[in-house]
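Here is a short report on the structure shown below. It moves from the whole chain to the sheets, then to the cores and a few single residues.

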Amino acid sequence: MVIFSILISGLVFWLQKNQKTSNDLIRFSAENGKEFINVKPKEFLHIKSSGNYIEIFYQSKDEVKKVLIRSSLKVVEELFPDHRNIRRSHRSYLVNPVQIKSIIRRKGKAELDLGSAVIPVSEKYESQFINE
């Protein structure tokens with residue numbers, strides 16, 4: 001019995017060490033549940049809403065890639081309510097705050113410079129980015 005519990009403990013330790021956890025990836029799924037994309041949090045850039053679809057932008061090596069899936073920003077926000085890498089900046093955008101290079105102020109409006117894109121910030125969400 002002791003040998004069995006040692007084997008189980010060793011197996012659990014190995015699985016924890018060698019398998020990725022759900023924290024290693026952000027999974028964005030389509031409404032139908034058949035289409036999805038897994039993105040590492042550090043590679044996620046932003047999401048743009050386009051009607052009933054969302055465009056997910058992420059970094060892959062030195063290239064920005066885009067995937068279109070049928071979903072909404074509201075669904076993504078509800079799936080990840082407290083995720084530190086997903087924050088709304090505008091009614092049409094979610095951004096990864098880690099990717100913000102600078103905040104641009106033009107004519108009283110704020111924009112987020114991600115390097116690969118400039119994302120608008122509406123007044124409603126401005127305090128989340130300006131006061132940090």
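How many of the 132 residues of the protein chain, in percent, count as buried? The answer is 30%. The model is a predicted one. The accessible surface of the protein chain comes to about 9100 Å². Carbon and sulfur atoms account for 52% of that surface.

**Overall layout**

The protein chain has three helices and 10 strands. Read from the N terminus, the order of elements is α-β-β-β-β-β-α-β-β-β-β-β-α. Take the contacts between residues at least 6 apart in sequence: 35% of them join residues at least 24 apart.

**The hairpin of E1 and E2**

Strands E1 and E2 form a hairpin, with six residues between them. Gly 33 sits in the turn and has a positive phi of about 75°. The pairing of E1 and E2 is antiparallel and runs over four bridges. Ser 29 stands opposite Phe 36 in E2.

In a regular strand the side chains alternate between the two faces of the sheet.

**The five-stranded sheet**

What is the order of the strands in the open sheet of five? The order is E5-E4-E3-E7-E6, and the pairing is antiparallel. Strand E5 (63-70) and strand E6 (87-90) stand at the edges. Each has a single partner strand, so one side of each is left without a neighbour in the sheet. From one strand to the next, the twist averages 25°.

Within this sheet, strand E3 (residues 44-50) pairs with strand E4 (residues 53-60). The sense is antiparallel, over six bridges. Ser 49 stands opposite Ile 54 in E4.

Helix H3 (residues 123-130) lies across E6 and strand E7 (93-95). H3 runs at about 130° to E6.

**Nonpolar cores**

The largest nonpolar core has 16 residues. Those with the most contacts inside it are Phe 28, Phe 44, Ile 47, Ile 54, Ile 56, Val 76 and Ile 86. The elements that give two or more residues to this core are strand E1 (26-29), strand E2 (36-39), E3, E4 and helix H2 (73-79). E4 gives the most, with three residues.

Which residues does Val 76 contact, leaving aside its neighbours within four places in sequence? They are Phe 28, Ile 47, Ile 54, Ile 86 and Leu 94. A second, separate core has nine residues, including Ala 110, Leu 112, Ile 119 and Val 121.

The next table sets out their relative accessible areas.

| Residue | Relative accessible area |
|---|---|
| Pro 97 | 17% |
| Arg 88 | 11% |
| Tyr 125 | 16% |

Is Arg 88 buried or exposed? Arg 88 is buried, because its relative accessible area of 11% falls under the 20% cut-off. Arg 88 is found in strand E6. Its side chain reaches the backbone oxygen of His 90 at 3.3 Å. A polar atom of the Arg 88 side chain also lies 3.0 Å from the backbone oxygen of Arg 91. Neighbours within four places in sequence aside, Arg 88 is in contact with Leu 73, Lys 74, Glu 77, Tyr 93, Leu 94, Tyr 125, Gln 128 and Phe 129.

Tyr 125 lies in helix H3. Tyr 125 is buried, at 16% relative accessible area. Leaving aside neighbours within four places in sequence, Tyr 125 is in contact with Arg 88, Ser 89, His 90 and Arg 91. Tyr 125 and His 90 are 35 residues apart along the chain, yet their C-alpha atoms are separated by 6.8 Å.

Where does Pro 97 lie? Pro 97 is in the loop between E7 and strand E8 (102-106). Pro 97 is buried, with a value of 17%. Not counting residues up to four places away in sequence, Pro 97 touches Arg 84, Asn 85, Ile 86 and Arg 87. Pro 97 and Ile 86 are 11 residues apart in sequence and 7.2 Å apart in space, C-alpha to C-alpha. Ile 86 is also one of the residues with the most contacts inside the largest nonpolar core.

Conventions
Residues are numbered from 1 along each chain as its sequence is written. This is a predicted model: local features need pLDDT of at least 70, side-chain atom pairs count only at pLDDT 80 or more; totals for chains, interfaces and linings use all residues. Side-chain values use heavy atoms; hydrogens and water are left out. Two strands pair if DSSP finds at least two bridges between them. Axes are lines fitted to C-alpha atoms, for helices over the stretch in contact, and angles run from 0 to 180 degrees between N-to-C directions. Contact means heavy atoms within 4.5 Å. Buried means under 20% relative accessible area, exposed over 50%, partly exposed in between (1.4 Å probe, protein chains only). A nonpolar core is a set of buried Ala, Val, Leu, Ile, Met, Phe, Trp, Tyr and Cys residues joined through side-chain atoms within 4.5 Å. Accessible areas come from the Shrake-Rupley method with a 1.4 Å probe; for residues, only the protein chains shown count as cover. A polar contact is a pair of N or O atoms within 3.5 Å; within protein, one must be able to donate a hydrogen and the other to accept it, and residues adjacent in sequence count only if both atoms are side-chain atoms.
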